[in-house]
There are 4 protein chains.
Amino acid sequence: MSPSQETTAWVLIVTCDSVPGIVAAFSRTLFETGGNIIEMNQYNDVANGQFFMRIYFTHPGGMSDDGLHAELAAVAGRFGAMWSLRNTAVRQKVLIMVSRFDHCLADLLYRWRIGELHMDPVAIVSNHPVEACGQVDMGTIPFHHLPITPQTKTMQEDRLRELIGQTGAELVVLARYMQILSDELSRELAGRCINIHHSFLPGFKGARPYHQAHRRGVKLIGATAHYVTADLDEGPIIEQSVERISHSDTAEDLIRKGRDIESRALSRAVHYHLDGRVIMHGMRTVVFGD
Amino acid sequence: MSPSQETTAWVLIVTCDSVPGIVAAFSRTLFETGGNIIEMNQYNDVANGQFFMRIYFTHPGGMSDDGLHAELAAVAGRFGAMWSLRNTAVRQKVLIMVSRFDHCLADLLYRWRIGELHMDPVAIVSNHPVEACGQVDMGTIPFHHLPITPQTKTMQEDRLRELIGQTGAELVVLARYMQILSDELSRELAGRCINIHHSFLPGFKGARPYHQAHRRGVKLIGATAHYVTADLDEGPIIEQSVERISHSDTAEDLIRKGRDIESRALSRAVHYHLDGRVIMHGMRTVVFGD
Amino acid sequence: MSPSQETTAWVLIVTCDSVPGIVAAFSRTLFETGGNIIEMNQYNDVANGQFFMRIYFTHPGGMSDDGLHAELAAVAGRFGAMWSLRNTAVRQKVLIMVSRFDHCLADLLYRWRIGELHMDPVAIVSNHPVEACGQVDMGTIPFHHLPITPQTKTMQEDRLRELIGQTGAELVVLARYMQILSDELSRELAGRCINIHHSFLPGFKGARPYHQAHRRGVKLIGATAHYVTADLDEGPIIEQSVERISHSDTAEDLIRKGRDIESRALSRAVHYHLDGRVIMHGMRTVVFGD
Amino acid sequence: MSPSQETTAWVLIVTCDSVPGIVAAFSRTLFETGGNIIEMNQYNDVANGQFFMRIYFTHPGGMSDDGLHAELAAVAGRFGAMWSLRNTAVRQKVLIMVSRFDHCLADLLYRWRIGELHMDPVAIVSNHPVEACGQVDMGTIPFHHLPITPQTKTMQEDRLRELIGQTGAELVVLARYMQILSDELSRELAGRCINIHHSFLPGFKGARPYHQAHRRGVKLIGATAHYVTADLDEGPIIEQSVERISHSDTAEDLIRKGRDIESRALSRAVHYHLDGRVIMHGMRTVVFGD
């Protein structure tokens with residue numbers, strides 16, 4: 001059940017300490033204000049006493065975002081809950097970053113064009129000139145070349161910060177962006193910056209993972225989409241994908257075969273994020289899949 | 001989250017016409033009687049106006065089955081809901097039927113012995129003598145040889161019916177039982193008889209599906225676990241599994257490779273059924289996976 | 001090991017009745033003319049007495065296509081073999097046909113642009129105007145609009161035949177082309193026309209397979225790439241791919257999720273065909289995978 | 001094509017430095033001595049100049065092992081090749097080691113009983129008493145309890161060595177044997193000792209990998225079958241298998257779900273080894289899959 005199929009629908013996300021009565025309180029409020037729950041997922045992490053809930057609901061009689069917000073804030077307050085409410089008719093603004101490999105960018109834009117990813121791409125940023133993405137049709141999405149060197153890294157990130165502010169980007173997608181964000185920027189973007197790592201984490205961290213995989217002689221390669229944190233390659237994992245390989249595959253063959261699983265894992269992770277299906281939980285994620 | 005991990009836990013299943021307020025009503029009742037929801041899945045089939053819900057909950061303060069039953073019956077009555085409540089500490093009684101291939105039986109019993117399938121196997125029934133299952137350690141589970149011919153089919157099914165009654169079997173598993181149940185018996189066992197078909201339904205219905213698959217030259221073979229209905233090979237599907245094959249596989253190789261996916265699909269389907277994760281819905285099923 | 005990695009390499013394909021000495025004869029000839037075998041796959045269909053072989057080899061000392069051809073023709077003649085020799089430096093000319101869904105076309109062209117598919121796209125043909133493929137960057141590949149009605153089918157296929165002749169297309173790819181080729185044209189293109197069917201054949205033949213799959217309540221959907229024959233949906237299968245779905249997926253969700261497996265199965269089948277890895281064998285194929 | 005299907009068949013394995021003419025020389029010798037090649041796989045590691053070949057052939061006219069051996073030794077000598085010849089009618093003697101988890105042992109024995117694994121199990125060895133494998137029907141296979149402590153490790157391995165010698169075991173399978181073999185014994189058993197590691201190597205080396213995986217929040221778990229070397233968890237990988245998991249799976253759930261992929265990866269690796277489909281190549285393997 002995808003948000004796109006209903007025009008006036010909302011996704012409510014709630015996280016809090018686990019106590020009895022949370023489901024009852026929220027579902028009662030939704031019912032009393034005329035809401036209709038279409039899909040609901042709830043999970044209790046018993047070991048850590050944490051409660052997670054996603055409710056996808058409509059308001060057949062109509063309801064303003066502000067009105068809903070006020071009602072739900074009151075309930076959330078009683079439980080000290082972290083929560084968010086999103087009107088699914090409003091598309092999230094997304095900034096996509098890329099370097100020399102453009103297959104993930106091409107895949108994201110294609111899925112956006114055919115209506116599969118409900119987002120509003122506000123900018124494409126690369127540390128290389130636009131020619132490096134020569135195979136991709138960017139249409140009218142503004143392209144920004146932000147070159148980077150060890151000396152200019154701080155300045156480059158300032159320009160990036162500015163761009164995020166100006167465009168109002170709510171999500172930053174590192175679509176094979178081969179630079180490492182500074183700890184500071186990683187922290188600022190916590191929970192709204194998704195990276196695709198071209199290995200099956202935690203195997204083959206760091207540089208040239210396909211060459212590492214080839215040397216090691218693995219029989220499956222993988223790709224991992226995760227939220228970016230200051231701790232490189234250790235961010236909460238959203239989605240992973242694998243592909244079978246054989247002894248006759250060279251490192252170059254692995255790179256070729258890896259493109260598919262990178263694109264697939266990243267587009268799924270972005271889809272789940274945009275659909276409000278992912279909740280960060282320490283170094284793990286709760287993903288209420290569709 | 002598996003029922004086995006909590007000693008006093010219940011699974012509540014609710015199906016009814018979709019109207020606002022169902023979640024609110026049930027969750028309120030559970031809360032007011034001291035229940036604590038651990039895991040909840042709800043799905044609305046918007047196209048057909050049907051509501052499906054599974055709630056896995058505990059009663060930290062203790063509660064009798066009868067007390068809970070009465071409270072929930074009142075709520076269910078208001079919505080005209082079909083519902084069930086199961087105390088997860090009570091294991092379901094299961095009767096397993098088999099013919100000459102015993103790999104699914106062996107797999108089910110092994111998973112039961114190591115505590116993976118929370119069931120109580122009350123009988124093993126075969127249309128062949130016990131020697132046909134010579135590779136399987138049946139322990140102290142009673143084995144019943146119920147031979148069958150076209151002439152004795154009605155009588156054989158009468159004896160089977162009797163056995164189901166005597167043992168109190170709540171679930172019948174056809175673990176490569178190669179006889180077709182009569183329409184009448186299929187109807188009697190509706191929703192509590194699971195079959196494994198050795199193909200990826202709806203492809204290759206009927207006899208010798210691996211030989212059909214080999215002739216057709218498919219590149220993947222499959223297995224399908226489904227509830228038995230009077231309409232052969234058309235029952236609601238619970239789980240499917242596939243395996244890649246190649247041109248060099250003979251029909252015999254397909255039979256060998258198929259054993260794994262048959263065992264896997266059947267044991268998962270039985271596991272989901274025992275966990276109260278499957279709800280029949282016409283010729284489809286709702287499966288709230290774990 | 002992909003042909004692209006060697007500049008002067010050949011792929012030799014041999015099919016014949018199985019007798020002893022075929023491998024010895026061909027490998028000796030290659031050795032004596034200075035060839036070096038890099039990768040070799042041989043398979044004997046014992047049940048049908050058929051022999052299949054693919055040899056990928058180089059000629060470090062250099063060799064003309066004509067010279068090689070003459071030497072190999074002599075050997076092939078002794079065994080009455082069907083055979084082909086292809087210089088991997090020469091790209092095959094490919095004509096791609098499409099209707100209103102362009103995801104497979106977009107995928108094929110992207111893989112061609114980044115050097116993954118070693119082909120030379122000589123034409124894109126659609127029964128709809130170019131606007132129907134608005135999301136795809138066709139670059140300088142000529143687009144041909146060949147509309148079709150039941151009345152004009154014969155004429156349209158004549159124009160298509162002409163186009164195949166003019167462009168020298170060696171392979172025709174039906175990339176979600178929603179028209180059925182006539183028996184006559186299917187026969188003419190035998191072994192050089194690949195179609196993608198949007199279901200896991202032989203399940204859900206015919207129209208709207210995702211709607212059929214949704215109604216039937218399957219738990220996995222599939223896509224099948226096969227050679228086109230006069231017998232609709234019954235051509236020799238080259239590659240199949242599947243994806244897990246759930247009860248909450250609507251028919252539209254299946255269509256969306258199906259795009260990935262359609263693109264993947266088709267691009268793999270085209271890749272295998274271009275690499276000389278597929279040999280037709282009645283209604284089956286031998287695929288020497290990479 | 002499995003060796004079991006032909007009574008008088010051989011598997012020839014050849015590894016050597018890559019030069020032209022190897023295929024021609026061996027195939028000629030086989031032809032001249034009356035052999036008939038049924039399945040042949042050849043792979044050239046161009047980067048390292050290494051040649052690998054597997055030939056599965058019959059001798060319709062009959063041939064002694066000694067006669068064949070002499071003929072092939074002459075050819076192998078010319079190329080300085082490492083090679084082996086195995087009559088597929090002779091089953092390999094296998095010693096299986098286990099500790100407290102017996103699912104892999106149960107799976108291997110079941111596949112052996114139904115004729116899927118063509119081996120002769122000559123001993124089961126455990127560092128725990130036989131009661132620890134209470135769920136497994138060992139039939140008449142001798143069970144040996146070889147307890148181990150840090151102090152007695154050398155002695156225990158001496159007894160193991162003796163047992164291998166007495167039984168003539170050609171392959172040792174560590175079926176969740178939770179002790180680490182000494183460097184010395186690992187070296188002695190090089191290429192004929194297969195271990196199953198319960199993670200997707202190289203991720204989660206060392207102890208309690210499922211707990212590591214749970215903490216890290218991965219979305220797929222894996223299992224790895226590899227040859228044992230002195231370098232722990234770094235031996236050449238033969239087969240890997242993965243399974244999708246979710247946030248709601250506890251570490252115990254991962255252990256449960258992991259059993260299937262451990263059994264599957266190990267039984268496939270053993271099957272490939274027994275079929276002569278695996279060739280070690282430094283820290284990698286060439287696997288000519290079936």
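**A walk through the predicted model**

A:Leu174 lies in strand 8 of chain A, which covers residues 171-174. What does A:Leu174 touch, once residues up to four places away in sequence are set aside? Its partners are A:Met97, A:Leu181, A:Cys193, A:Ile194, A:Asn195, A:Ile196, A:Val228 and A:Leu266. For a sense of scale along this part of the chain, A:Leu174 and A:Leu185 are 11 residues apart, and their C-alpha atoms are separated by 13 Å.

A:Leu266 belongs to helix 7 of chain A, where it takes part in the contact with helix 3 of chain A. Two packed helices are described by the angle between their axes and the distance between the axes. Here helix 3 (residues 103-113) and helix 7 (residues 251-274) of chain A have axes that come within 9 Å and cross at roughly 45°. The two helices are therefore oblique to each other, and helix 3 of chain A passes helix 7 of chain A in a right-handed crossing. On the helix 3 side of chain A you will find A:His103, A:Cys104, A:Asp107, A:Leu108 and A:Arg111, while helix 7 of chain A supplies A:Arg259, A:Glu262, A:Ser263, A:Leu266, A:Ser267 and A:Val270.

The axes of helix 1 (residues 22-32) and helix 2 (residues 65-79) of chain D come within 10 Å and cross at roughly 165°. That angle is why helix 1 of chain D counts as roughly antiparallel to helix 2 of chain D. Helix 1 of chain D, too, makes a right-handed crossing as it passes helix 2 of chain D. Helix 1 of chain D brings D:Ile22, D:Ala25, D:Phe26, D:Thr29 and D:Leu30 to the contact, and helix 2 of chain D brings D:Leu68, D:Glu71, D:Leu72, D:Val75, D:Ala76, D:Arg78 and D:Phe79. This set divides into nine nonpolar, one polar and two charged residues.

Back in chain A, let us turn to an annotated position. An unreviewed UniProt entry places the feature "active site" at A:Asp233. Where does A:Asp233 sit? It is in the loop between strand 10 (220-227) and strand 11 (237-244) of chain A. Its relative accessibility is 8%, so A:Asp233 counts as buried. Beyond its neighbours within four places in sequence, A:Asp233 is in contact with A:His197, A:Leu201, A:Lys205 and A:Gly206, and also with D:Arg216 from chain D.

Finally, some backbone details. Most residues other than glycine have a negative phi, and most peptide bonds are trans. In chain B, the peptide bond from B:Leu201 to B:Pro202 is cis, with omega near 10°, and B:Pro202 is placed in the loop between strand 9 (193-197) and helix 6 (209-216) of chain B. The bond from C:Leu201 to C:Pro202 is cis as well, with omega near 10°. D:Phe204, in the loop between strand 9 (193-197) and helix 6 (209-216) of chain D, is not a glycine but has a positive phi of about 55°. D:Phe204 counts as buried at 14% relative accessibility. B:Arg176, also not a glycine, has a positive phi of about 65°, and its relative accessible area of 5% makes B:Arg176 buried.

Conventions
Residues are numbered from 1 along each chain as its sequence is written. Chains are lettered from A and ligands numbered from 1 in the order in which they are written. This is a predicted model: local features need pLDDT of at least 70, side-chain atom pairs count only at pLDDT 80 or more; totals for chains, interfaces and linings use all residues. Side-chain values use heavy atoms; hydrogens and water are left out. UniProt positions are given in the numbering used here, feature names are shortened, and annotations may be inferred rather than shown by experiment. Helices (H or I, at least four residues) and strands (E, at least two) are DSSP runs, numbered from the N terminus. Buried means under 20% relative accessible area, exposed over 50%, partly exposed in between (1.4 Å probe, protein chains only). Contact means heavy atoms within 4.5 Å. Axes are lines fitted to C-alpha atoms, for helices over the stretch in contact, and angles run from 0 to 180 degrees between N-to-C directions. Angles under 35 degrees count as roughly parallel, over 145 as roughly antiparallel, 65 to 115 as roughly perpendicular and the rest as oblique. A crossing is left-handed if the near helix is turned anticlockwise from the far one by less than a right angle, and right-handed if clockwise. Ala, Val, Leu, Ile, Met, Phe, Trp, Tyr, Cys and Pro count as nonpolar, Asp, Glu, Lys and Arg as charged, and the others, Gly among them, as polar.
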